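Student: I would like to go through this structure term by term. Please set each value against its definition.

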Amino acid sequence: MSLMGLPTELLLMIQHEIRDDLLAHVCLMKLNTRTRALYNAFGTDFWKMLCRRNGLGTLAGDSVGAGLYQTIAVECAEHAWVCEHPSCGTARLLENAQSISNARLDDPTCSPTRTLRDEDPYILTPNGIFRCMAFRGGEFGAPCHTYVTAEAYDGQDMQDTDALEAHPIVMRTFATFPPCANMRFLTFDNVPTASNNDGVTVFDVMKSAKSIMSDIPTTENIFTWLRRNTCGDTSKVFPQAWSIVDMFESVTSIVGWFRVARWIGFAYEGSNKFAFRFEPRRLPDDPSEISQ
Ligand SMILES: [Zn+2]
């Protein structure tokens, strides 16, 4: 007997055994009209739990309605079947599921369906995926664009660098585990925020961070930023050939920092505040050769 001829009770048993495997659920749903009707009957709670257990949230432009999470599940499964980007696809879903499950192990009361509010006394773990995110443009009023890159990206070559908007799984991935409703980013005088009542996503963070990339810090703030991110030793970031003027001019807007140093994500500072974290990256001896 083929799978299509199985009685409903057996199909339900198979569906139960699939547990949180988003791809397998969508695959079974698409099998035939019977399995589609079976899955359509599950309702919002089933699809919402499935998406959240795979680390996937909502975006501001989503149409609100009963079918929202089912649409997200299908969109992300179909994308996973075709996406070969090393930071997206099936690998991202597996990593998300593991991170959600680790957050629950730290605190069993932390349900995947719950988005943490500011008053919740819980340590948030920033998603490591920000190591694979990048900005381009953004200086002198030019538009700033966001990209998803491969883990080994060092800001120099564009291999495996795609527009973030081409990868719905990355866009919808929660920015923290467990998911939280508000994130505040420590920069200079400006403290940008990202908010989402269903859990702040990677897209929410990149949109918020993008809004400050053209900001021009004061001279004092540039020196503060240099000192903080180099621990007072500029040779940790800049080649010896660079003069102090070269260093200063390379970071006169915030996006400049994302070129001279490698952004590796966030450190959690408590009270929903997050500090950007950077690592040195290979820089050319001639500052004019730095990749834009
Ligand atoms: Zn993708």
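Tutor: H6 gives the most to the lining of the largest pocket, namely eight residues. Helices (H or I, at least four residues) and strands (E, at least two) are DSSP runs, numbered from the N terminus. The model is predicted, so local features need pLDDT of at least 70 and side-chain atom pairs pLDDT 80 or more, while totals for chains, interfaces and linings use all residues. Residues are numbered from 1 along each chain as its sequence is written, and side-chain values use heavy atoms, with hydrogens and water left out.

Student: What makes a residue part of the lining of a pocket?

Tutor: A lining residue has an atom within 4 Å of a point of the pocket. The points lie on a 1 Å grid over the protein atoms alone, where a pocket is an open set with protein on both sides within 12 Å along at least five of seven lines. For the largest pocket, 21 residues meet this, and Glu95, Ser99, Asn127, Gly128 and Phe177 lie nearest its centre.

Student: How is that lining divided by class?

Tutor: It has ten nonpolar, seven polar and four charged residues. Ala, Val, Leu, Ile, Met, Phe, Trp, Tyr, Cys and Pro count as nonpolar, Asp, Glu, Lys and Arg as charged, and the others, Gly among them, as polar.

Student: Why is H2 called oblique to H3?

Tutor: Helix H2 (residues 22-29) and helix H3 (residues 33-40) pack at an angle of about 125 degrees, with their axes 7 Å apart. That makes H2 oblique to H3. Angles under 35 degrees count as roughly parallel, over 145 as roughly antiparallel, 65 to 115 as roughly perpendicular and the rest as oblique.

Student: Which residues make the contact of H2 with H3?

Tutor: His25, Leu28 and Met29 of H2 and Thr35, Arg36 and Tyr39 of H3 make it; contact means heavy atoms within 4.5 Å. Three of these residues are nonpolar, two polar and one charged.

Student: How do you know which strands pair with E2?

Tutor: Two strands pair if DSSP finds at least two bridges between them. Five bridges join E2 to strand E3 (residues 144-148), and the two run antiparallel. Arg136 stands opposite His145 in E3.

Student: What makes E2 and E4 edge strands?

Tutor: The open sheet has three strands in the order E2-E3-E4, with antiparallel pairing. Strand E2 (133-137) and strand E4 (162-163) each have a single partner strand, so one side of each is left without a neighbour in the sheet.

Key. Axes are lines fitted to C-alpha atoms, for helices over the stretch in contact, and angles run from 0 to 180 degrees between N-to-C directions. On a 1 Å grid over the protein atoms alone, a cavity is a set of points where a 1.4 Å probe fits but cannot get out, and a pocket is an open set with protein on both sides within 12 Å along at least five of seven lines; lining residues have an atom within 4 Å of a point.
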